[in-house]
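Subject: Structure handover

Hello,

Here is the structure for you to look through. Please open it first, then read my notes below.

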Amino acid sequence: MQTHEIRRRFLDHFVKAGHTEVASASLILDDPNLLFVNAGMVQFVPFFLGQQTPPYATATSVQKCVRTLDIENVGITTRHNTFFQMAGNFSFGDYFKREAIKHAWALLTNSVEDGGYGFDPERLWVTVYLDDDEARDIWKEEAGIPDERIQRRGMADNYWSMGIPGPCGPCSEIYYDRGPEFGLEGGPEADEDRYLEIWNLVFMQNERGLGGTGKDDFEILGPLPKQNIDTGMGVERVAFLLQGVDNVYETDLVRPVIAKAEELTGRKYGVSHEDDVRFRVIADHARTAAMLIGDGVNPGNDGRGYVLRRLLRRIVRSAKLLGAEQPSMREFITVVRDTMAPSYPVLDTDFERILNVAVGEEAAFRRTLVSGEKLFETAADEVKSAGQKVIAGSEAFALHDTYGFPIDLTLEMAAEAGLSVDEDGFRSLMAEQRQRAKDDAQARKHAHADLTVYKEFVDRGETEFTGFAELTTEASVL
Ligand code: ATP
Ligand code: MG
Ligand code: MG
Ligand code: MG
């Protein structure tokens with residue numbers, strides 16, 4: 001089943017059950033605390049917090065998500081994209097646990113002819129929060145899942161909150177057993193590669209207080225006056241299973257970029273593990289980069305722009321390591337457009353702009369990559385021949401300052417060479433540079449000089465000049 005069809009079936013299933021279909025929000029919301037939208041419920045937060053009254057009691061959506069936390073996993077696990085689509089159904093004080101479980105089970109196990117995904121019920125496992133006997137009983141009654149395939153997990157895995165006082169509650173997750181050839185017996189507790197997480201059902205039933213020590217331990221004040229449902233199903237993960245491929249990078253919407261990379265590099269996917277990781281990184285990141293640029297992100301040195309820059313530079317470097325001599329970004333982004341535009345028309349309507357941003361970053365980085373790599377190799381050789389293991393912070397700083405190497409790239413290259421980097425040293429040099437830039441900016445501001453530096457802001461229609469610090473501040477994500 002094609003990804004497009006998986007999305008459609010999800011929405012149809014819930015619309016049929018009375019939900020209002022709501023379009024995906026942008027990846028970028030006007031919230032400085034949130035780098036990117038990373039879950040379907042984000043656009044509904046004001047409803048869950050009771051700050052706004054929803055115009056509908058139940059809703060369904062397929063939300064674009066970006067999770068930077070998963071960058072390191074890409075290509076290595078079978079299941080982590082940086083960009084993915086989270087399909088969800090939401091109840092704002094309307095139905096609760098029983099209906100949420102019934103709906104999810106029906107969609108997963110109904111036959112394909114009946115509008116479902118046709119999963120074999122015997123291969124589905126679920127987890128519930130430690131003391132959530134109510135959820136366990138519903139799974140048994142409504143889905144007929146035996147106790148052996150229901151696992152209990154603690155706060156860290158199966159209790160949801162927004163990290164602040166407000167709604168919270170237990171969750172229940174659905175996993176698919178890929179079979180003994182993919183790992184250990186024993187359910188998701190034993191092996192999350194063999195048992196693939198596909199859907200998370202959150203039962204917002206309590207109110208979180210101020211107390212406790214943090215993420216996995218917080219004060220629960222008592223039941224909410226109105227209970228809500230928030231669920232998220234990974235569209236790419238369902239596609240991975242229904243298409244009978246080995247991971248989320250080989251599905252119909254991502255694999256074509258790998259094919260393009262094979263064509264451009266002359267190497268084959270599926271021959272060496274190292275190369276395969278690079279192919280998957282290219283395919284995953286090209287899609288994420290196109291989607292981010294589509295929603296208005298430009299490469300930069302901090303925040304969102306830095307994430308985009310890092311993704312684009314990883315594509316360039318991975319392609320080079322696969323043997324691509326010529327620039328290849330144009331081809332990758334074009335394939336992303338061809339596969340993704342049917343669901344995200346901005347990739348078509350804004351194609352030239354998206355392409356120019358991506359190709360521009362590639363060109364800038366390719367100019368410095370070769371010299372930077374030489375500098376890195378010299379430094380690495382010196383460290384090795386001195387019988388040491390750590391590359392000095394000053395070398396990492398020089399790579400960053402002169403060649404625009406993000407620190408993550410230097411860390412990655414060091415790891416590949418069996419070395420580490422003095423990150424503290426790097427950071428303190430960065431801090432010194434930041435201070436110098438601030439002082440300079442201050443001086444220039446007072447002198448009313450060099451207006452061209454912030455012309456860019458004015459061009460973008462921003463009326464208030466917020467200072468040079470923004471142009472020079474290094475990423476908070478570093
Ligand atoms: P995992 O444990 O596999 O990292 P998660 O528990 O972090 O997943 P949730 O926050 O529960 O994921 O998100 C809801 C659903 O979104 C997951 O059940 C999964 O199907 C999907 N999902 C989460 N992260 C990713 C990702 N990086 N790539 C693709 N799908 C994802
Ligand atoms: Mg995760
Ligand atoms: Mg999980
Ligand atoms: Mg989860």
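Start with the shell around ligand 1. Strand 3 (83-92), strand 8 (195-214), strand 9 (217-234) and helix 6 (235-242) each give it at least two residues. Helices (H or I, at least four residues) and strands (E, at least two) are DSSP runs, numbered from the N terminus. Strand 8 provides the largest share, 4 residues. In total, 17 residues surround the ligand, and His80, Phe84, Asn200, Gly232 and Gly234 are the closest. A residue counts as near a molecule or strand if its C-beta atom, placed from the backbone, lies within 6 Å of it. By class, the shell has 6 nonpolar, 5 polar and 6 charged residues. Here Ala, Val, Leu, Ile, Met, Phe, Trp, Tyr, Cys and Pro are nonpolar, Asp, Glu, Lys and Arg are charged, and the others, Gly among them, are polar.

A word on the source. This is a predicted model: local features need pLDDT of at least 70, side-chain atom pairs count only at pLDDT 80 or more, and totals for chains, interfaces and linings use all residues. Residues are numbered from 1 along each chain as its sequence is written, while chains are lettered from A and ligands numbered from 1 in the order in which they are written.

Now the whole protein. It has 17 helices and 11 strands. Of its 478 residues, 41% are buried, meaning that 20 or more other C-beta atoms lie within 10 Å of the residue's own, with C-beta atoms placed from the backbone.

Next, the domains. The assignment, which is automatic or from a database, gives domain 1 (3-242) and domain 2 (255-384). Their C-alpha centres lie 31 Å apart. The contact between them takes 15 residues from domain 1 and 18 residues from domain 2. Two residues are in contact if their C-beta atoms, placed from the backbone, lie within 7 Å.

Last, the cores. A nonpolar core is a set of buried Ala, Val, Leu, Ile, Met, Phe, Trp, Tyr and Cys residues joined through C-beta atoms within 7 Å. Which residues touch the most other members of the largest one? They are Val257, Ile282 and Ala286, out of 98 residues. Helix 8 (residues 273-294) gives the most to this core, with 10 residues. Both domain 1 and domain 2 supply at least three residues to this core. A second, separate core has 16 residues, including Ala396, Leu399, Met413 and Phe426.

Best wishes

Notes
A residue is buried if 20 or more other C-beta atoms lie within 10 Å of its own, exposed if 12 or fewer, and partly exposed in between; C-beta atoms are placed from the backbone.
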